[in-house]
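Visitor: Could you walk me through this one while I have it open? I'd like to ask things as they come up.

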Amino acid sequence: MQPQMVMYDEEFQQISAVCERLAREANAKIVFLVDKNGQLIASVGATENLDTTSLASLTAGNIAATGGLAKLIGEKEFSILFHEGEKDNLHISIIGGRVILVVIFDTRSSLGLVRLRVKKASDELNKIFDGLMKKVKVPGAGSPFAEITDDDIDNLFSE
Amino acid sequence: MSFINYSSREINCKIVYYGPGLCGKTTNLQYIYANTNQQAKGKMISLATETERTLFFDFLPLSLGEIRGFKTRFHLYTVPGQVFYDASRKLILKGVDGVVFVADSQVERTEANVESVENLRTNLAEQGYDLDRIPSFEAVAPKGDGVYETLKAIAKLILTELKKGT
């Protein structure tokens, strides 16, 4: 079973700051971070007209499918994917084997620049997630759901 | 595994609809999509072949309301039911919190149902779950009867398990 994924406000602010800097330094339109199960962790940039939930789920599906392909040819995973479109491009990379960083960019940037900046941001994000995982393992850092009652759950469906 | 976000005060869970080919997994999601309030649902995505058979998965995000200030979000997925898509089914089951097994009620599909349950057992075992030891609930879902009841039941089971902290 995979470990429970938890996000706290402190780490969320740090992660968002790294993503914002990456978007700026790489001249990217959008940067977002997804966990391998398809849950959106953070998104920055021009996301107003974008269905980020669907993007997150499809990105995770994409990584899962290419990961399956990698295993078939004896690779652990393909850590970087690049999709080139007519106007916009997608750069997808796996960070620390657990989260997926997606950068959407157009002709104002280049693959080389994005790769360079992603590498730097990946190291920083990796450190934040390492700290987060340690925090989650500390006893007492349990689920907020430990205190809910059966009535709370029933009320959710009472309408 | 569920994802608890203290920053946005959200809890995200993953439900997978499993079962043999043409049993109605996608139909379950389509029914839920068609009968859910606009505010509570996101866009439904279907990665299907030209003949509308599921190729990779269908995806439907739902918000069920709040518990103690936490928004509960459920991500509904289906798997491709056809036997030869097993590699895809394994991928979709990763990080699952609850499984709805959709059986085909036609007598001639009994064998296909059994084969699919056994396949589910094998694929869940790879993730450390024992099919015989997880809580379960039975439902019947022709013409939409029981579709919501099933969804509510699985959501309740997931939240109850989360409460236990397992």
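**A serine in a loop**

Guide: Let us begin with A:S109, which is placed in the loop between β6 and α3 (111–137) of chain A; helices (H or I, at least four residues) and strands (E, at least two) are DSSP runs, numbered from the N terminus. This is a predicted model, in which local features need pLDDT of at least 70, side-chain atom pairs count only at pLDDT 80 or more, and totals for chains, interfaces and linings use all residues. Residues are numbered from 1 along each chain as its sequence is written, while chains are lettered from A and ligands numbered from 1 in the order in which they are written.

Visitor: Is A:S109 buried or exposed, and why?

Guide: A:S109 counts as buried because it has 20 C-beta neighbours inside 10 Å. A residue is buried if 20 or more other C-beta atoms lie within 10 Å of its own, exposed if 12 or fewer, and partly exposed in between, with C-beta atoms placed from the backbone.

Visitor: OK, and which residues is A:S109 in contact with?

Guide: Leaving aside neighbours within four places in sequence, A:S109 is in contact with A:A26, A:N27, A:A28 and A:V114, where contact requires C-beta atoms, placed from the backbone, to lie within 7 Å. A:A26 is 83 residues away from A:S109 along the chain, yet their C-alpha atoms are separated by 6.6 Å.

Visitor: What about A:A28, what does that one touch?

Guide: Not counting residues up to four places away in sequence, A:A28 touches A:L22, A:A23, A:G45, A:V103, A:I104, A:F105, A:S109 and A:V114. A:A28 is also, with A:V34, A:V103 and B:V16, among the residues with the most contacts inside the largest nonpolar core, which has 77 residues. Such a core is a set of buried Ala, Val, Leu, Ile, Met, Phe, Trp, Tyr and Cys residues joined through C-beta atoms within 7 Å.

Visitor: Switching to strands: in what order do they sit in the open sheet of chain A?

Guide: The order is β3-β2-β6-β5-β4, with antiparallel pairing across these five strands; two strands pair if DSSP finds at least two bridges between them. β3 (40–45) and β4 (80–84) of chain A each have a single partner strand and stand at the edges, so one side of each lacks a neighbour in the sheet.

Visitor: How many bridges join β5 to β6 in chain A?

Guide: Seven bridges join β5 (residues 89–95) to β6 (residues 99–105) of chain A, and A:L90 stands opposite A:I104 in β6(A). Five bridges join β2 (residues 30–35) of chain A to β3(A); these two form a hairpin with four residues between them, and A:G38 in the turn has a positive phi of about 95°.

Visitor: Now the other chain. How many residues of chain B are in contact with chain A?

Guide: There are 36 residues of chain B in contact with 34 residues of chain A, and β4(B) gives the most to that side of chain B, with seven residues.

Key:
Contact = placed C-beta atoms within 7 Å.
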